[in-house]
Amino acid sequence: MPEPTTATILGAWVAAGLTLFIYSFLYKDNPLFKLGEHLYVGISVGYSVVLAWHTVFLRLLWEPLRKSVSEAPTLLESYILLIPAILGFLMLVRFIPRIAWLSRIAFAFVVGFGSGVAIPRTVSALILKQIEDTVNPLITMGANGLSMGLDLASPQSGVNTIILLVGVVSVLFYFFFSVEHTGPGMVTARMGVYFVMIAFGAAFGYTVMSRMSLLIGRFSDLIKFSGAEYGYATLVLLAVTVLTLIGWEALVRQERQGV
Amino acid sequence: MIFLKRQLPLVITFIMGVTFTLQYYIPHPVSEEAITNVAKWMQIISGFALFLGLASLFHVHAVKIKRQVPGWGYSLVLYAGMLGMIAVGFWSHGETRVDGAQTSFGWLYDYTMVPLQGTMFSILAFFIASAAYRAFRARSREASVLLASAVIVMMGRVPLGQFLVPWSWDVTQWLLNVLNSAVRRAILIGVSMGAVALSLKIILGIERSYLGGGRDQ
Amino acid sequence: MKEFARRMVGIDRRIIFLLIAAAVLLPLVKPFGLPIKVSPEVKAVYDYIEALPERSVLFLSFDFDPSSKPELEPQAVALLRHAFRKNLRVIGMTHWLTGTGLADGVFSKVAAEMGKERHKDYVFLGWSPGGGSLIIAMGQDLYKAFPSDYTKTPTRGMPVLDGVQNLRDVNYLVSLAAGGAGIEMWYVFGKDKYRFEMAGGSTGVIAPGLYPFLRSGQINGLIGGLQGAAEYETLITQKGTATAGMDAQSAAHFVIIVLVLLCNVFYFMLRGEKGRPN
Amino acid sequence: MNVVAFLCLLFFSGVAFAAPPSLAPPEGFRVLDTPNDTGKSLSLVWKASPSDSKNRSIQVWAAESPHAAFKKVAEFPSNTRYVKAGDFPWWAQPAGKGEHYVKLSSSQAFPIEDGKSYAVKLLVRDGEQEAWSEIAEGRPAPNFFNTAQVNNLVFVLAFTGVLLASIAAARRNPHIYLRRIAGLDAVEEAIGRSTEMGRPILYLTGAGDMSEVPTIAATVILGEVAKKVAHYDTSLKVPHRDPIVMAVCQEIVKEAYVEAGRPDAYKEDSNFFITSDQFSYTAAVDGIMLREKPAANFFMGSYFAESLLLTETGASTGAIQIAGTDSDHQLPFFVTTCDYTLIGEELYAASAYLSREPVLVGTLRGQDFGKAFIMSVLVLGTALATIGVVAGTENFDYVLDFFKDFK
């Protein structure tokens, strides 16, 4: 492992400090957390601005426009990128109340396009394709004649096809709003609810894994930064954070008594 | 004027919507060319939209600082973070790395933004544990089913669970592939129909809330 | 006894926080190393890449940002190592603005480690706005959507992009997704029309929602969460951060399982007290 | 280059002539313009042969005319590239089931242009033996309509019809029966409680932009909530992540106040932008929850990882929490941490239920028709597919193909 440079050591102190500031939220909302929070908002907006400027304005708009105009200044086509640029500016006129309505034209453009491209693609990928994969014969024609797969472990087996079908239909029925859930309808809807709960449970379990991974990631960094080569950054800063919190608590208590 | 304010946007939405719905079914190069260009325009317009947000953020915190509302100091911190990042970003020409070497912009990104964002997210690990403790009770049959399936998946997805309770792996695979797929698929189909219905209503001018204002005026 | 149960149900959640912190911290300091089992959906991604001929085009979309770095970065690193080892060409991009620097960092790091050259063996296109519109734009003409890459080098004429006009020329696409602008979007706006094969790598959160797409073959494989990344590391026989984290993962899961069980024990004790279930 | 190709051709033709006649050339070989495409590609079709095997290979040779030099453009084992069930719908089949089908696209090695005629022939090779097919010609052209996707278009048009009809029906009779949705009754209660406690109401519209359904549903519900808020004279806070959504919500809230007869009470800054970044937004909203302690939190729209951070913090402040989302990956957390959760489509239904607008009620009704239709397709389709297997017939495909996704 290479010896850390001054920049990385400084970075380790900053990163470890900010990490601990945010974690102090687990104790309770406090000035250190608020400091980290606001810094975070500012930095991420700043980052977005810099990247958006370079990507959108320079790369997608300004450079192609300048190039096409300098190559063929008389051709009307060279100026075509002005259309999105104007629409983009129309979006910004929202801030001028008298002509704010102009921004609707830009919204109409964006939303119209979005709705248009979404319709056939949604029907294809999220409706037809899903129906296609649910409608399967329950029985297969094998070498030994007709048979029904009873293997639960194989997702495509006949028995799983039935379970899938029952699940999809009963959950769809649960989201049926025109009919009251009584009689056989109630049985189906109840079944749908059980299916939904099993799926949500599975998702919860899966998500636990996801969240713990994030914690593992942050802790690995903190452990790394607690080493001697980083000047025991984590440990020192942990002490600083805890002391600050104690001091802050004392201050708040004093103020409360003073009032 | 009323036409420009009310009808024109609806006309544009209608034309854009119908054109790009039908575009999908038309493989001809002319139609492909159209979507190529317009998709690129959308990229640019979406970029402008970012600045709408920036202006609003500026405004909110400027007001806080001007009126010196409690905690206005944090707004200053926010301003400092934002302006600092922008200044450094432009100074580094928006690049985090040049020839493999980190720029100052890259340093700020790696040592402030990455840990801040990662830490915010990882707080979830604690919250999910406390949510599990508070909310995962076998209050009813539905809740018990939810709980059982969550516990099985939690075991089946990690080596220790697979080691202690070997069947949890197979059951987890089955839960995810069959039961979970069925529910997700039903939700997907239903939600997609809702999406298509809404898109249709927008194109036909029945749904206008995206333009601001009520639906039936 | 009931008093104890009542106190335990209303326990200060900060105690739970401490338990979780300990469960994660201890195995990280002192790992115990359990074997990793590989699931068919991860194996499918590995097999597909394994079968691609040299210089095929792998497209990696980094649809995440630093907030899900611990889960998805190991997946990206493992996939890149595999691709570079197979001598594939790799095109990278991101739909997530704030993930741009991170994605570029992963590319630089793995490329340096494997001795690969930017613009010859791989290119990172960077971020661009638009989401679905961006995918459509790339499907039509990659050079119009990305006139230059992240390092501001013009994309046209780049050796790595030789013979690549648009997404149709991509042999395999993997979207590493932490949320909305990811796998589903790539399918609906990309694969559906431009017919490349694709797989997904995702955080544990969105993985269950992707199983219907896996079943129907809309994605041919799925790497789910840190476990998925560890499985991929096992397949390429190069251990990384995911494998290292799995022990902590196991411990944390068990703490939560025990907590859930305890909470139910206390709950039932209290319920008996009230005399009837609510 | 051409000379080399020509020599190659001579060489290979020579070999072909010398080969024993036992190796049969591919039968029924034809070249057509690839149907339903954007042009610049040809489709090659030929009959399957019982002697197709892994060891026998097929080479595709193409030229700009039957007399020009042919060039090898593809090679594959002869037992591959069959048309399988599900590749094409019965109404747009370039080749029958079981035939060989290869799509030849324009490439740098062999560019194909629209409107020009091309000649193609096949070479079968098995060890040393070779046989050439007849030369077939085809002219590529772009198409104006993808007939393979006609079922998709029919679905869209039929659904549009059903939707418009049910909206019209709802306009005539807006009191169509709608199943009660539990979470919705809580909305009024939550607003009332906030008024009593003199605390604000926090309303989030989610992570999506204005072209996403859940966001639009969230803004519609915001309109209804804002009307009630204006009526009760409570304060409303709507922090935003998307500037366009914010702009829209400002207008919606303003109009809701006007409709409620309280335009004076409207405050421009009840809608405010925080940042588009997920976690800085979440941190800021968590901050608002902890400092201002809203009495009711609404989470409508689409959500990602921030959901649990928001709802757990909200739960710790003791607020009534009502969620509504179709982000299925976050639903487990809303269900476990909120007082009421509108699951999936219940979010869309909620906007209809609250406003009782004919348009929304009609839409819900239209979607129900669609769902009923899909449920019956699933059940009957499975039955037909099973009977088809039992009876060994493919006749049911004429029906089943309508419900498949073709490209």
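**Exercise 1.** How many salt bridges does the rule find across the interface of chain D and chain A, and which elements of chain D give two or more residues to the side that touches chain A?

*Solution.* The complex is a predicted model, to which the predictor gives an ipTM of 0.87 and a pTM of 0.87.

Step 1. Across the interface of chain D and chain A, the rule finds two salt bridges; one of these joins the side chains of Glu37(A) and Arg291(D), at 3.3 Å from N to O. The pair falls under the rule because the cut-off between the nitrogen and the carboxyl oxygen is 4 Å.

Step 2. The count of residue pairs in polar contact between chain D and chain A is 14, both residues being at pLDDT 80 or more. On the side of chain D that touches chain A, the elements giving two or more residues are H2, H5, H6, H8, H9 and H10 of chain D, and H10(D) gives the most, with 16 residues.

Step 3. By class, the residues on this side of chain D divide into 32 nonpolar, ten polar and 14 charged.

**Exercise 2.** What area is buried between chain D and chain A, and which residues of chain D lose the most area to chain A?

*Solution.* Step 1. In this interface 56 residues of chain D are in contact with 49 residues of chain A, and the area buried between the two chains is about 5,000 Å², of which carbon and sulfur atoms give 71%.

Step 2. In chain D, the residues that lose the most area to chain A are Arg179(D), Met375(D) and Leu378(D), which together account for 13% of what that side buries.

**Exercise 3.** Describe the interface of chain A and chain B, working from its area to its residues.

*Solution.* Step 1. Chain A and chain B bury about 10,200 Å² between them, with 83% of it on carbon and sulfur atoms, and the contact takes 110 residues from chain A and 106 residues from chain B.

Step 2. Here the rule finds two salt bridges, including the one in which the side chains of Arg185(B) and Asp133(A) meet at 2.8 Å, N to O.

Step 3. There are 15 residue pairs in polar contact between chain A and chain B, both residues at pLDDT 80 or more. H2(A) supplies the largest share of the side of chain A that touches chain B, namely 26 residues, and by class this side has 80 nonpolar, 22 polar and eight charged residues.

**Exercise 4.** Which stretch of chain D has a pLDDT below 50?

*Solution.* Chain D averages a pLDDT of 86, and 94% of its residues score at least 70. The pLDDT is below 50 over residues 8–20 of chain D. Where pLDDT is low, the predicted coordinates should not be read in detail.

Key
Residues numbered from 1 in each chain as written. Chains lettered and ligands numbered in written order. Heavy atoms only, no water. Contact = heavy atoms within 4.5 Å. Buried area = accessible area lost by both parts, 1.4 Å probe. Polar contact = N/O pair within 3.5 Å; in protein donor to acceptor, adjacent residues only side chain to side chain. Helix = DSSP H or I, 4+ residues; strand = E, 2+ residues; numbered from the N terminus. Nonpolar A, V, L, I, M, F, W, Y, C, P; charged D, E, K, R; others polar. pLDDT = per-residue confidence, 0-100.
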